[in-house]
Amino acid sequence: MANIKPLSDRVLVRPIEAEEKTSSGIIIPDTAKEKPQRGTVVAAGPGKVENGTKVDITVKEGDEILYGKYSGTEVTLEGEEYLIMRESDILGIVS
């Protein structure tokens with residue numbers, strides 16, 4: 001993977017692809033698959049300054065997260081798809 005360091009309160013996320021089969025075994029075609037809403041943090045920025053106070057970023061590399069369906073900007077790095085989004089677009093950390 002390319003060496004990229006997000007700025008401010010942005011994170012680089014590798015989306016986790018949606019399941020290709022339902023629990024009952026029905027195969028879902030690519031055209032009907034949901035856009036991923038879960039991913040793994042690959043890199044995180046240092047945080048932001050708000051009203052003169054530094055606010056550290058909450059997530060860290062390796063965290064599995066949930067995000068909104070239309071969150072982030074899609075980027076391709078060395079043939080692999082990623083999302084860059086603000087930390088505020090993250091809905092939660094999966095534990």
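The report below treats the sheet, then the cores, then the salt bridges.

This is a predicted model, in which local features need pLDDT of at least 70 and side-chain atom pairs count only at pLDDT 80 or more, while totals for chains, interfaces and linings use all residues. Residues are numbered from 1 along each chain as its sequence is written, and side-chain values use heavy atoms, with hydrogens and water left out.

**The sheet**

Six strands form an open sheet with antiparallel pairing, in the order E6-E7-E1-E2-E5-E8. Strands here are DSSP runs of E with at least two residues, numbered from the N terminus, and two strands pair if DSSP finds at least two bridges between them. Strands E6 (73-77) and E8 (90-94) stand at the edges, and because each has a single partner strand, one side of each is left without a neighbour in the sheet. From one strand to the next the twist averages 40 degrees, where axes are lines fitted to C-alpha atoms and angles run from 0 to 180 degrees between N-to-C directions.

Strand E7 (residues 80-86) pairs in the antiparallel sense with strand E1 (residues 10-15) over 4 bridges. Within this pairing Val11 has Met85 as its bridge partner, and Leu12 stands opposite Ile84. E7 also pairs with E6, again in the antiparallel sense, over 5 bridges, with Thr76 opposite Glu81. E6 and E7 form a hairpin with 2 residues between them, and Glu78 in the turn has a positive phi of about 50 degrees.

**The nonpolar cores**

A nonpolar core is a set of buried Ala, Val, Leu, Ile, Met, Phe, Trp, Tyr and Cys residues joined through side-chain atoms within 4.5 Å; buried means under 20% relative accessible area, exposed over 50% and partly exposed in between, with a 1.4 Å probe and protein chains only. The largest such core has 11 residues, including Val11, Val13, Val41, Ile57, Leu83 and Met85. E1, strand E2 (38-44), strand E5 (64-67) and E7 each give two or more residues to this core. A second, separate core has 5 residues, among them Val42, Ala43, Leu77 and Tyr82.

The structure holds 7 salt bridges, a salt bridge being a side-chain nitrogen of Lys or Arg within 4 Å of a carboxyl oxygen of Asp or Glu.

| Salt bridge | N to O distance |
|---|---|
| Asp9 and Arg86 | 2.7 Å |
| Glu50 and Lys48 | 3.1 Å |
| Lys54 and Asp56 | 2.7 Å |

Asp9 counts as buried at 7% relative accessibility, whereas Arg86 is partly exposed, with a relative accessible area of 36%. Leaving aside its neighbours within four places in sequence, Asp9 is in contact (heavy atoms within 4.5 Å) with Gly47, Lys48, Ile57, Met85, Arg86 and Glu87.

In the second pair, Glu50 is partly exposed at 41% relative accessibility, and Lys48 is likewise partly exposed at 30%. Asp9, Lys48, Glu50 and Arg86 are linked in a network of salt bridges.
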